[in-house]
Amino acid sequence: MQGMSRVYILLLLISLGCKPLSEVKYDADDYMHWFANSSLVKQKQTKYTNLEARLLPVEILAIRELGSDKLGAAGLDSVIKSYQDALYFELKISSTTNINLLKSETSNYEEYKERIHFLNFEAGDVFSLKVGDDSKDNLLYHFEGFSELSNTLNFLVAFEKPENLSSNDKITLSFEDPYWHSGINNFSFEIDEYINHPKLIIN
């Protein structure tokens, strides 16, 4: 599968030649494929978990909200505008063992309920963001849920976006693991590919 992704990217590069990324135009399906293989996706493996952090372009959020088959120019512009004032990140945590991430090291139902409450309402504090040396305010936290089938937790967080974001800026998302013994996990993103991402076109 990884080999197929590399071939796909190579074919895209050949077809695009030396065109700057900001001048490239993709439909929704190709945009999602570009994003999944871009530098905006970072991965880290720990003893008990695999972590994947994603810095989400607003076009990705728009595709998810509207659905690739319902994208229209007017609706797309409106949704993109609604997301432009923040930096959005997604964190996915999956287990490297057979231990259920939602129940691990809970000894009774009350502890399990406390964990559910924490993840739903209080875990925003375990995420932080720096742009250069400046800490940014957490604007939104959402526990997107747990998949028992894949033993995976998903989180969405948003932070204050600098007014003058530069392609030279370095963004670091930090996640302080509250339960799964991975400590403090830092994910660093070079901002150039976020600023100069491809254009999303409507068919």
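Mentor: What follows concerns the aromatic pairs and their surroundings. The model is predicted, so local features need pLDDT of at least 70 and side-chain atom pairs count only at pLDDT 80 or more, while totals for chains, interfaces and linings use all residues. Residues are numbered from 1 along each chain as its sequence is written, and side-chain values use heavy atoms, with hydrogens and water left out.

Over the whole structure, 13 aromatic pairs are found; rings of Phe, Tyr and Trp (its six-membered ring) pair if their centres lie within 6.5 Å, with planes under 30 degrees apart counted as stacked, over 60 as edge-to-face and the rest as tilted. One of them joins Phe89 and Phe189, a tilted pair with 5.8 Å centre to centre and 55° between the planes. Because Phe89 belongs to strand S4 (residues 86–95) and Phe189 to strand S10 (residues 184–190), this pair ties together parts 100 residues apart in sequence; strands (E, at least two residues) and helices (H or I, at least four) are DSSP runs, numbered from the N terminus. Phe89 is buried at 0% relative accessibility, and Phe189 is likewise buried, at 0%; buried means under 20% relative accessible area, exposed over 50%, and partly exposed in between (1.4 Å probe, protein chains only).

Phe118 and Tyr179 form an edge-to-face pair, since their ring centres are 5.8 Å apart and their planes stand at 85°. Phe118 lies in helix H5 (residues 109–121) and Tyr179 in the loop between strand S9 (170–176) and S10, 61 residues apart. Phe118 is buried at 18% relative accessibility, whereas Tyr179 is partly exposed at 21%.
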